[in-house]
Amino acid sequence: MQKREEHNRVWFVAALLFIALCCLGGRLAFLHLANHSKLNNFEYSRHLLGMRGRIFDSNGTQFPMAISLTARQYFVDPRSINQKHDPQYIMQTVATALKLPLEEVKDAFCRTNSRYVKLGIPTCDDVAFAMLSTNKLLSGVNSTETIVRSYPQGRRMSHVLGFVNKEGVGSAGVELKHNMYLKGIEGLIEGEKDANQAELRDRRKIDVQPIAGSDVHLTLDHNIQYEVEQALKEGVEKAQANGGWVVVQQIKTGAILALASYPDFEPANYNDETKDVWRNKAFSEIFEPGSVMKSFTVGAALNEGLVTPNTMFDVGEGIFFYAGKPLRDHVTGRLNVSTALKKSSNIACAKMGIMLGPKRLETYFRSFGFGSPLGLDLPGEEGGLLVRGKDWDRDKLKIARVPIGQGVCVTAVQMVNAYSALANGGKVMKPYLIDRIVSPNGQVVLQNRPSVLARPIRPEVAKTVCEMLIGVTEEGGTGKKAGVKGYSVAGKTGTAQQVVPGVGYSGTDYWASFVGFVPASNPVFCVLVTIDRPDPKKPRTGGAVAAPVFSKIATTTARYLGIPPDLPDDVEKEEQQPLRIP
Amino acid sequence: MKRNRKRQVKMEFIPKVFVAWIVIVVSVAIGYWFMDSKGKQLNQEIRKYELKYTALENSRAREALRWDEKKTPEKLEGALLRNGLAMDYPKATQVVRLDSRGRLVPGQVSLARINKVKGTVSTVANTH
């Protein structure tokens, strides 16, 4: 009897367990078959943002010029405000946390036809995040993680760096040109989440980490760039000009040390300025160089053996008729080639051009890098305008105008590169401003090295032209204001009338330029300064407007680079002064 | 004879081998459950640290940016001016240039040379 009772108990328990098991099985079947969509909601997916690479100057990783940061973009979903919450309190808290005007926040909350109304710009503020994410009395306000591009030095190198648009894509400058290297690759995490929407780490199925973009190292030095931008701004404001641009290039390598264009803009807020301001006019604007072109005409004539530094030219009363048109000159009488360059004689240089002939002149100018892009590492480089082939025959006047820098258009980078060639024994180097691009794992993916593009003139001819150019900055020369204390300077002034479309040359608008290299005895760097449309009521020649800016830039750059002075007289004078050691 | 109620009746209702299997399976299941929960706990901790690491990394990047913004030439210049100081690049006479053997580079102006003339002792060598 007892045995039977015990058997019954066992069977009872077994039946209970079986029923429980059936219930569990039923529930499992129900979840999988009847309510499948609810289970799907537990799937977790997160895109990990790939950081954009950084941009550094030539001083290594100490001074980033552009970096990326994660930030939060806050947005309002007016329809998801909890009825129990006070909208006024929500708006006030959001405005305070995000430092936005209350009216702007109110306006966002009133747009009930949208479920995504952005609040201001993405912010990196941790305090705001803490205030908005932990407050239980807030609803209708959410945020998404995003990447923002920051430029620690503000406007510095703005035309070189460019900017990224709101989608994070490079849209100008280095940011555009090397977008494929700079952009990061997104990562992905997929798995499951719990009821609190938090990821269940152990259910992670896909875990692909993001890859940061490569870092770009420039050849530009932010200290030189700072001095250049300051001097250019002062020069433009003093001349009451429309703008200006400066290029500083290392002569032996062709590396660009500074490249500035004024007016500039703030890359982080690029929309504050017009599109015209975004353009880097140092290589995307072509201008008639004027007298600075004469050095190459003289160089070509010397190289061909048509003239020597002492060959005499008669410029008469300062007027020369060619192809029925007069060419005027401020110099009169007889003068040799050296003096012609020193005093910037139009007629003497035009005669040298005529002696060379169109074919040879064009060949020399093209060899110096004019008339086609130099392949700079930036987008929008112009090639300039240089008469070619049959066009010389169509306009007979050209051969008397192109040698003096009229009827030919160049970019500032082309001009500085050509002068660097004169200072470099006739070797035209390829200009570059990207030193290297390094991937996040330290691998160098791109390395620029100095390369020679052409050798248009012999080293001894180049040396002769350089010696002639020293005279320009000496007493009696047109570029006396370009002098640098302690250093010999070789250079050339240029003042060219601007062309008014459909009218001809403007009587008031000029480009005033000075290009030169320091020290003349052993050139290290070359600088070009161009001031665009200086005030016509003031002196507007290259010697008056651009040369002082050159002097300021060259003085600071020579001292910053630690270049030994080559003028002993000045040095001795300096030595006489009491030495003050800081 | 009275029946001994305390005497245990030996029942062979469930075989011992079966009980042993059940015990083993249950032990493994409990062990698995324990390990699984421990693993989950560790995973949650890893996730928490991952989030913390990301937050710290972002915070570090923001601090670095603030520092970089303070190092710009104009900010440094402004800070110096506020304190009544001014900086300039060294003059030619304040730079000593030596070759790889430590000898004065010929033809270069040097502080040492000036000091020798003045009969003073060299104190500063400021180079770039």
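Helix axes are lines fitted to C-alpha atoms over the stretch in contact, and the angle between two axes runs from 0 to 180 degrees between N-to-C directions. Helices (H or I, at least four residues) are DSSP runs numbered from the N terminus, as are strands (E, at least two).

## Basis of the report

This is a predicted model, in which local features need pLDDT of at least 70 and side-chain atom pairs count only at pLDDT 80 or more, while totals for chains, interfaces and linings use all residues. Residues are numbered from 1 along each chain as its sequence is written, and chains are lettered from A and ligands numbered from 1 in the order in which they are written.

In chain A, helix α12 (residues 294-303) packs against helix α14 (residues 346-356) at an angle of about 45 degrees, and their axes are 9 Å apart. The two helices are therefore oblique to each other; angles under 35 degrees count as roughly parallel, over 145 as roughly antiparallel, 65 to 115 as roughly perpendicular and the rest as oblique.

Residues in contact have C-beta atoms, placed from the backbone, within 7 Å. On the α12(A) side, the residues that meet α14(A) include A:Thr297 and A:Ala301. Those of α14(A) include A:Cys349 and A:Gly353.

## Helix α3

Helix α3 (residues 87-98) of chain A contains twelve residues and reaches 16 Å from its first C-alpha to its last, close to the 16 Å expected at 1.5 Å a residue. The expected span is 1.5 Å times one less than the number of residues. A residue is buried if 20 or more other C-beta atoms lie within 10 Å of its own, exposed if 12 or fewer, and partly exposed in between, with C-beta atoms placed from the backbone. The buried residues of α3(A) include A:Ile90, A:Val94 and A:Leu98. On the other side of α3(A), A:Gln88 and A:Tyr89 are exposed. Just after α3(A), A:Lys99 takes a positive phi of about 55 degrees.

Helices α3(A) and α5(A) pack at an angle of about 160 degrees, with axes 8 Å apart. This makes α3(A) roughly antiparallel to α5(A). A:Val94, A:Ala97 and A:Leu98 of α3(A) make the contact with A:Ala128, A:Met131 and A:Leu132 of α5(A).

## Residue A:Cys526

A:Cys526 lies in strand β24 (residues 525-532) of chain A. It counts as buried because it has 28 C-beta neighbours inside 10 Å. Between A:Cys526 and A:Val247 there are 279 residues in sequence, but 8.1 Å in space, C-alpha to C-alpha.

Notes: Contact = placed C-beta atoms within 7 Å.
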